[in-house]
Amino acid sequence: MKRFLLIPFFLFFLVTGAFAQDVDISRPQTTAPVAGDAIQQGNWLVGATIGSLGYNFKSETFQLAIEPRAGFFISDNAAIGAQAQLGLQFYDGGENFSYGLTPFARYYFPEGAAPTHRWFGEAVAGFAGSSLKDSDGDRIFGSVLGLRAGYAHFVASHVALEGTLNYTRTSADISIGTATSGLSLGLGFQIYLPGRANR
């Protein structure tokens, strides 16, 4: 009787072991050859960039800046859209909330392209404000202009991790990302949604 009970268990392990031979779980997926499909005309771009996240132990300051975005590919390699710029800073004695809206235009360069990655350039122009007040008691508000150079690495179908080098210029003393006016680095992700014609 015990032998008959062992036969189903033996068969179960034999069958699952045979199927397990076809799956390699020792190496996670780190790249996907889908860059050309993702940046086609009619597709959508949705994602976010983290411009700054950190805590300064000396000044006891916590800072977080995030830029959610959405865009549309008007042609192959070229997208337009808008991003919100949200920042929060806690420091000894107060807090500062910064905000902004910046339309953007992005172009993915065909030079140096590969199935798994693309280089791109981006221009942004918009406005930004802050919860701080200036010497006249007015809230700080001004324009934002910027240029970005970036690298998109596709880790899965229609998902890319991105790194950017940013130059930002503001007309007021507003912290956008990691710099008021100057250079900063950004790290983020983008999801490339196929348009109706590309499904």
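A salt bridge is a side-chain nitrogen of Lys or Arg within 4 Å of a carboxyl oxygen of Asp or Glu. This is a predicted model, in which local features need pLDDT of at least 70 and side-chain atom pairs count only at pLDDT 80 or more, while totals for chains, interfaces and linings use all residues. Residues are numbered from 1 along each chain as its sequence is written, and side-chain values use heavy atoms, with hydrogens and water left out.

**View 1. Glu122 and Arg69 form a salt bridge.** Their closest N and O atoms are 2.9 Å apart. Glu122 belongs to strand 5 (residues 117-133) and Arg69 to strand 2 (residues 61-75), so the pair ties together parts 53 residues apart in sequence. Strands (E, at least two residues) are DSSP runs, numbered from the N terminus. Both Glu122 and Arg69 are buried, meaning under 20% relative accessible area (1.4 Å probe, protein chains only).

**View 2. Glu122 also meets Arg148 in a salt bridge.** The N to O distance is 3.3 Å. Because Glu122 lies in strand 5 and Arg148 in strand 6 (residues 139-156), this pair ties together parts that are 26 residues apart in sequence. Arg148 is buried, as is Glu122.

**View 3. Arg106 forms a salt bridge with Glu162.** The closest N and O atoms are 2.8 Å apart. Arg106 in strand 4 (residues 94-108) and Glu162 in strand 7 (residues 159-170) are 56 residues apart, and the pair links distant parts of the chain. Arg106 counts as buried at 3% relative accessibility, and Glu162 does so at 4%.

**View 4. Six residues are linked in a network of salt bridges: Glu67, Arg69, Arg106, Glu122, Arg148 and Glu162.** The structure holds five salt bridges.

Notes. Helices (H or I, at least four residues) and strands (E, at least two) are DSSP runs, numbered from the N terminus. Buried means under 20% relative accessible area, exposed over 50%, partly exposed in between (1.4 Å probe, protein chains only).
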